[in-house]
Amino acid sequence: MLSRIYIKNFALIDTLEVSLHNGLQVITGETGAGKSIILGALRLILGERADVKSISKTDQKSVVETEFALNNQFKKFFIENDLDYEHQTIIRREILPSGKSRAFINDVPVTLDVLRTLSSQLIDIHSQFETSNLFTPEYQFKIIDGLSENRQRVQEYHHEFSDFQSLKIQLKKLRTQLSEANKESDYKAFLLTELEELHLDNVDFEELQKQLSIQENAGMISENLAQVLSRFHQEEVGIFSFFNEAKNKLARIAEVSQSFAELHGRLETSFVELKDIISELENEAERIEIHPENLAVLSELNNRINVLFLKHSVGDITELRAVRDQLAGDQKGASELESQIEEIEENISAKEKSLHVLAARLSKNRKKSIPVFIKKAESLLKKLGLEKAKVGIELQDAQEFNAFGKESIQLLFQANSGFPLKPIQTAISGGERSRVMLAVKKIIAESDDLPTLILDEIDTGVSGKVAEEIGNLMREMSADMQLIVISHLAQVAAKGNNNYKVVKKDVAGKTQSTIIPLSDQEKLNEIAQLLSGSRITEAALAQAKELIG
């Protein structure tokens, strides 16, 4: 139940605070007094967008605060959102001069999503301009599901449907990825084969370059090595013989002069090194053979690798191996995508079976409740002056699952006898909308746990006996819930358990709106004024007393 409203620095409201009670709370006031401003402030509690233009004093923040009396059924919400549960819970919105908006539950900052989730379970505001809700499948399913006691089943279905939708989105995404992968798969497979054929893990590119250079220059290398070795081994004039002779002569010098011993040692070492070099040169000369076939193989391998360097824009074998591994991974990735798609398709199939069962249960209960709705609605409409009105609900199987099951809904209406029922959006007139909506709200209120319902001038355009019945109907609705009604009808005001009036006055040269609770005498005068206008007559007072009863 909404027990208190506090508004500060919002449009024409400087400061407003009012306590509310259970039952039927009726708010009256002249057109333009500020009733819509109060509703606009309350819509901030429902999480609607804040507008910095609503701030009256632009250097101060605007505050809308409400206090609700809660029962223990809300404890779960507070625990799940890490909030302190209070029987008297305060919800507040603040609009800062900068335009930034903040939301609080029991002084704890919360997101607008959290605020909306809680407030939507506490309060429902319905304006005369919102009767188009009747035309939406969401609202029509809400009507029939409330009567069907389908709430738990609807929650189960929504949970499964949400998972089903998520799986379908995933499947679409994966199929797109696989399609893109398949477009390039043949070319990538060719590139991978091309790389794998070279056995890159066994290729030492530097050694390949070395062997290729040797093979390409084998003739020149052999000829020069032969000449070098010839110079070393020529008798009498060969380098080797000369070096050996020089070593021996220096040895004799070292025997008589110790100062030459070190030089002799160094020459001896050089001679050993020279012998080793000559030996290796001889070995290399023996190994070098001219093999045109080997040269062709090495040239082909080198050319293929260089072509791949250019094709893949890399500069060495390591990078080329990385390209190969990436291509192999892509091929594996496509295979994994196919496996994922297959798994998700199986999950979707399982979800579809579950949804079929849940949707069938929903539909079965809905069909049972349609006659109940028709009976209640037509009875209420008769009281509200639409004696010949007929209503109906048509359920049709749908091709695909939707947010409400596997069927579509159409609320049907006809105000006159002798004519067929038609979709309500094409059959209802402006004067009938408010009464039909009130009847629907009454039916919903009987099956909904919503603590507070606010009706904003939903009784516009009616008078006389119908106005009296509207007042009686609202009084009935308020027996099980808090009903706050903004009205211009004396017949409705007379039924109020508590009455309030929105007034506008000038304070220090500035127009301000506020709301005041009415005493019994003030209530009587207000009703009389609604009946007779600005001048209250004795007849109006007498009629007002009769209406109050």
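## Stop 1: H13 and H14

Select Arg435, Leu438, Lys441, Lys442 and Ala445 in H13, then Val466, Ile470, Leu473, Met474, Glu476 and Met477 in H14; these two sets meet. Contact means heavy atoms within 4.5 Å. Helices (H or I, at least four residues) and strands (E, at least two) are DSSP runs, numbered from the N terminus. By class, this contact of H13 with H14 has seven nonpolar, no polar and four charged residues. Here Ala, Val, Leu, Ile, Met, Phe, Trp, Tyr, Cys and Pro count as nonpolar, Asp, Glu, Lys and Arg as charged, and the others, Gly among them, as polar.

This is a predicted model: local features need pLDDT of at least 70, side-chain atom pairs count only at pLDDT 80 or more, and totals for chains, interfaces and linings use all residues. Residues are numbered from 1 along each chain as its sequence is written, and side-chain values use heavy atoms, with hydrogens and water left out.

Now show the axes of H13 and H14 (residues 464–477): they are 10 Å apart, and the helices pack at an angle of about 20°. Axes are lines fitted to C-alpha atoms, for helices over the stretch in contact, and angles run from 0 to 180 degrees between N-to-C directions. That makes H13 roughly parallel to H14; angles under 35 degrees count as roughly parallel, over 145 as roughly antiparallel, 65 to 115 as roughly perpendicular and the rest as oblique. The crossing of H13 and H14 is left-handed (the near helix is turned anticlockwise from the far one by less than a right angle; clockwise would be right-handed).

## Stop 2

Beyond four places in sequence, Leu438 is in contact with Leu384, Leu455, Ile458, Ile470, Leu473, Met474 and Met477.

Which members of the largest nonpolar core touch the most other members? They are Phe373, Phe413, Val436, Leu438 and Met474, out of 59 residues. Helix H13 (residues 430–447) supplies the largest share of this core, eight residues. A nonpolar core is a set of buried Ala, Val, Leu, Ile, Met, Phe, Trp, Tyr and Cys residues joined through side-chain atoms within 4.5 Å. Buried means under 20% relative accessible area, exposed over 50%, partly exposed in between (1.4 Å probe, protein chains only).

## Stop 3: H4 across H13

Select H4 (residues 137–148). Its axis and that of H13 come within 8 Å and cross at roughly 45°, so H4 and H13 are oblique to each other. The contact is made by Tyr139, Lys142, Ile143, Gly146 and Leu147 of H4 with Met437, Val440, Lys441, Ile443, Ile444 and Ser447 of H13. Those residues divide into seven nonpolar, two polar and two charged.

## Stop 4: single residues

- Asn150 sits in the loop between H4 and helix H5 (151–196). Asn150 counts as buried, at 0% relative accessibility.
- Gly392 is in strand E9 (residues 390–402). Its C-alpha atom is separated by 4.8 Å from that of Leu412, 20 residues apart along the chain.
- His199 lies in the loop between H5 and helix H6 (205–216). Phi of His199 is near 50°, a positive value in a residue other than glycine.
- Ser313 is in the loop between helix H10 (292–312) and helix H11 (317–383). Ser313 is exposed, with a relative accessible area of 65%, and its phi is near 55°.
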